[in-house]
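The points begin with the surface and then turn to the contact between chains.

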Amino acid sequence: MTTRHDTAAPPTEGGAAPGRPPGDAVAAQKERRRRERLSRRWQRDLRWSPYAFVSPFFLLFIAFGLFPLIYTGWASLHQVELTAPTDMNWVGMRNYTRLFDDDFFWNAAKNTLTIGIISTVPQLLMAMGIAHILNYKLRASTFFRVAMLAPYATSIAAASLVFVLLFGRDYGMINWALDFAGIDPLDWQNDKWPSQIAVSTIIVWRWTGYNALIYLAAMQAIPHDLYESAALDGANRWQQFIHVTLPSLRPTILFTVVVSTIGASQVFGEPLLFDANKGTSGGAEHQFQTLGLYLYEQGWVAQHLGRASAIAWTMFLILIVIGIVNYVLSRRLRASS
Amino acid sequence: MTTTLTPPDAKPPAERARRPRMPKSARAGGQLHGGPIAYAIMIVFTIVSLFPLVWTAIAASRDNQRLAQTPPPFWFGSGLFDKLEIAWKDANLGEAFLNTTIVAGVSAATIVVLSTIAGFAFAKLRFRGRGALMLIVIGTMMVPPQLSVIPLYMMVAKLDWTDQLQAVIFPSLVSAFGVFFMRQYLIQALPDEIIEAARVDGASSWRVVWHVVFPAARPAMAVLGMLTFVQTWNDFMWPFLVLTQMGNPTVQVAVAGLGRGYTPDQSLIMAGALLGTLPLLLVFAIFGKQIVGGIMQGAVKG
């Protein structure tokens with residue numbers, strides 16, 4: 001698909017500039033004007049069809065995106081129970097104040113942050129390295145690309161269940177391999193850090209290849225002249241990577257950081273399915289309960305939809321703050337270079 | 001431009017570099033040949049990527065006693081097909097496959113068509129509010145879906161749709177990414193003259209969409225369709241919330257349900273996980289190249 005697209009694109013740009021002979025163009029334009037003047041229906045069509053084309057998207061978006069977003073905020077100011085979702089009692093900020101007094105909320109927030117960091121940072125760094133290698137001329141590069149996208153095709157459910165077995169304490173393959181290397185077995189499901197690392201591993205496994213492809217695409221768009229002149233200036237490959245590749249990738253890196261941050265803020269299926277007790281608390285001592293899981297526990301197990309809405313909106317506000325920080329940082333970076 | 005730097009692959013005719021595929025990549029990236037270290041890293045990474053999938057099949061082919069021993073099994077036993085059959089029946093996977101195919105098919109088809117016409121409007125038509133509306137589309141890509149879960153659940157409960165497929169389908173009919181993706185594609189792939197020519201011939205906007213835009217957008221529509229299908233197929237949270245495991249499960253809900261018994265049968269779970277993943281892996285084996293291209297294309301222009 002890329003093939004056809006990329007080969008088809010240049011004639012578009014090239015072909016538009018020289019244009020047709022001017023006489024033709026004028027005639028065509030006159031003809032067009034005449035027709036336009038002739039038909040009111042035509043005018044109406046031109047004027048309103050763009051709105052007709054975009055309206056299905058916006059109607060659906062308002063129904064399933066915007067309305068729920070606002071309604072969640074509204075519900076977060078009420079006491080609403082799952083058993084009777086239509087009975088709403090106004091409680092003002094009480095859901096929020098109770099939330100902020102709740103140790104499990106802060107625990108979940110902290111876990112979300114640590115799992116987010118130990119899944120996103122290695123994931124993006126590894127993706128960058130792999131993209132760099134794939135950017136060399138390699139035999140069977142298509143095979144490598146497809147193979148590393150295989151985890152992306154695997155569902156959260158399937159991946160989590162497999163990793164539960166691989167991370168098993170007594171007979172899991174990872175502890176077996178550690179034992180081989182002379183390291184004592186870890187309790188991947190019950191100890192805090194090992195369990196968080198295990199949950200993050202599932203995420204890293206699923207998304208590294210995908211991000212590598214995104215970086216690779218951006219690397220291939222860097223004009224080669226930049227490398228040539230850097231090489232002429234005596235830059236070695238590492239220096240070229242630092243001074244040419246990385247700066248050119250900055251928008252793409254920002255994009256992947258934002259997308260991964262959003263993804264990390266709502267981790268849900270992995271900790272849910274990784275729990276040995278099949279519960280919603282993220283391990284017996286909440287050691288890997290994320291905000292997404294906590295929201296589910298409050299809303300669907302404890303049945304407090306109002307409080308769950310407050311969690312959702314808090315997550316949203318945190319994301320907005322992260323977004324603003326990202327934006328400011330990237331502007332700073334751009335200004336300083 | 002100086003040409004003193006001769007790329008190492010300039011001497012042999014280098015057929016690979018001259019493939020029409022991604023001409024830019026051939027020039028910019030394809031310059032340096034990867035050495036043995038590059039191959040070693042890629043092979044290690046490929047093994048890490050594929051191993052859990054292969055091991056799912058290995059674990060499914062062994063009985064539970066063997067799985068509860070060290071060292072863990074590294075090669076297939078004889079029980080694979082029996083276990084697959086039991087998992088298929090236990091998790092009601094036949095129905096789950098049908099359900100998931102319907103859900104993923106309907107939402108992929110709808111998203112592709114709606115995204116194409118909206119993307120066309122944003123790419124090629126002038127209208128008041130275009131910039132602002134496009135900003136909204138891009139902005140919505142940032143809104144986490146979890147925010148909508150609670151009201152959507154209330155809506156579904158009110159409509160009495162719990163456990164029914166339309167509860168899963170309806171919220172997944174919109175994709176801001178899809179609109180963005182098609183817009184980026186059509187800006188380049190659809191020459192303005194063709195639209196103008198069709199207009200001169202008296203075609204209405206709808207005819208232009210049908211006879212010009214759809215044919216021109218077909219490659220991107222295919223990629224978007226596959227990406228959406230994969231995403232919907234793998235979606236877990238929303239189906240998990242609205243479909244209890246009794247009625248109309250999707251594949252992901254059914255597979256997750258296998259792991260939730262009191263004494264989970266590990267090898268059965270692995271068989272279910274394998275079955276749930278297999279169809280998509282097949283799709284990837286066949287269309288992998290196109291999907292890779294689609295992801296990269298969406299990324300570059302993003």
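This is a predicted model: local features need pLDDT of at least 70, side-chain atom pairs count only at pLDDT 80 or more; totals for chains, interfaces and linings use all residues.

1. According to an unreviewed UniProt entry, the feature "domain: ABC transmembrane type-1" is placed at residues 109–326 of chain A. In the model, this span is 75% helix and 0% strand. The C-alpha atoms at the ends of residues 109–326 of chain A are 19 Å apart.

2. The size of an interface is often given as the accessible area lost when the parts come together. By that account, chain A and chain B bury about 11,200 Å² between them, and 76% of this area is on carbon and sulfur atoms. Gln146(B), Leu147(B) and Ile150(B) supply 6% of the area that chain B buries against chain A, more than any other three residues.

3. As to the residues involved, 132 from chain B and 114 from chain A take part in the contact.

4. How many salt bridges are counted between chain B and chain A? The count is one. A salt bridge joins Asp45(A) and Arg199(B), with the closest N and O atoms 3.9 Å apart. This pair qualifies because the cut-off for a salt bridge is 4 Å.

Notes: Residues are numbered from 1 along each chain as its sequence is written. Chains are lettered from A and ligands numbered from 1 in the order in which they are written. Side-chain values use heavy atoms; hydrogens and water are left out. UniProt positions are given in the numbering used here, feature names are shortened, and annotations may be inferred rather than shown by experiment. Helices (H or I, at least four residues) and strands (E, at least two) are DSSP runs, numbered from the N terminus. Contact means heavy atoms within 4.5 Å. Buried area is the accessible area (1.4 Å probe) that two parts lose on being put together, summed over both. A salt bridge is a side-chain nitrogen of Lys or Arg within 4 Å of a carboxyl oxygen of Asp or Glu.
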